[in-house]
Structures are given as C-alpha cells and as structure tokens.
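Please open the structure in your viewer and keep the sequence panel beside it. The tour below moves from one selection to the next.

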Amino acid sequence: LEVSENFNDYIKLNWNSYPHEDFYAYEIWRSDDAINYSYILEITNYEYSYFEDRNNIGSGKSWWYKIKAYNHFGNSIESEIVEGYANP
C-alpha cells in the first residue's frame, strides 16, 4: 500500500491488485489517530488498485489507512498501515 503526500485536499492510495481468481472485495479503512479505524468503502472490482479520499480530510492533516482484501471464502489479508497527508 502506498499513499500520496503531494495533493491538495485529497489523499490518493495505490496498492497491488489481489492476484487470485477467488477475489471478493477490498475494504478501505481510515483513522485520524492511528488507533481507531473507521470503514470507508468497499470495492468489488478486483482491477481497481487506487482510491482518492476526498471525504472531509481537510488540509494539513494526517490520516492513516489500511486495506483488507477478502476472497469468496471469507478469508482476508490486511495491508500495512500507511500515513497520508493532504497539503494545505
């Protein structure tokens, strides 16, 4: 998982697509304190490998993100946690 730090008013996440045919969904989670995460979005198209967070992120503020990938069997893998920052 990679995160941008050079955009104004939004943060862009990029990740490697889930490579297996049993893909079900990605879940994107966000935190403003790196401890308590809130669910943002589910993506069900395995070809998507980016997300632009424009939802009330403010400017000059840090956010922490993680992504969970699920397969059709209910198994999941979780990305590392990354910090994003929207330029003021």
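Begin with the lining of the largest pocket, whose residues divide into 8 nonpolar, 3 polar and 2 charged; here Ala, Val, Leu, Ile, Met, Phe, Trp, Tyr, Cys and Pro count as nonpolar, Asp, Glu, Lys and Arg as charged, and the others, Gly among them, as polar. The model is a predicted one, in which local features need pLDDT of at least 70 and side-chain atom pairs count only at pLDDT 80 or more, whereas totals for chains, interfaces and linings use all residues. Residues are numbered from 1 along each chain as its sequence is written, and side-chain values use heavy atoms, with hydrogens and water left out.

Stay with this pocket and select Trp15, Asn16, Ala69, Ile77 and Ser79, which among its 13 lining residues lie nearest its centre. The elements giving two or more residues to the lining are β6 (62–71) and β7 (76–78), strands being DSSP runs of E, at least two residues long, numbered from the N terminus. The volume of the largest pocket is about 190 Å³, taken as the space filled by probe spheres set on grid points that are joined across faces, edges and corners. A pocket is an open set of points on a 1 Å grid over the protein atoms alone, where a 1.4 Å probe fits, with protein on both sides within 12 Å along at least five of seven lines, and lining residues have an atom within 4 Å of a point.

Next, select aspartate 53, which is placed in strand β5. Is aspartate 53 buried or exposed? Its relative accessibility is 1%, so aspartate 53 counts as buried (under 20% relative accessible area is buried, over 50% exposed, and in between partly exposed, with a 1.4 Å probe and protein chains only). The side chains of aspartate 53 and tyrosine 65 are joined by a polar contact of 2.7 Å, that is, a pair of N or O atoms within 3.5 Å, of which, within protein, one must be able to donate a hydrogen and the other to accept it, while residues adjacent in sequence count only if both atoms are side-chain atoms.

Finally, turn to two loop residues. Asparagine 8 is found between β1 (2–3) and β2 (11–14) and is partly exposed, with a relative accessible area of 48%. Glutamate 47 lies in the loop between β4 (38–43) and β5 (50–53), and with a relative accessible area of 55% glutamate 47 is exposed.

Key. Helices (H or I, at least four residues) and strands (E, at least two) are DSSP runs, numbered from the N terminus.
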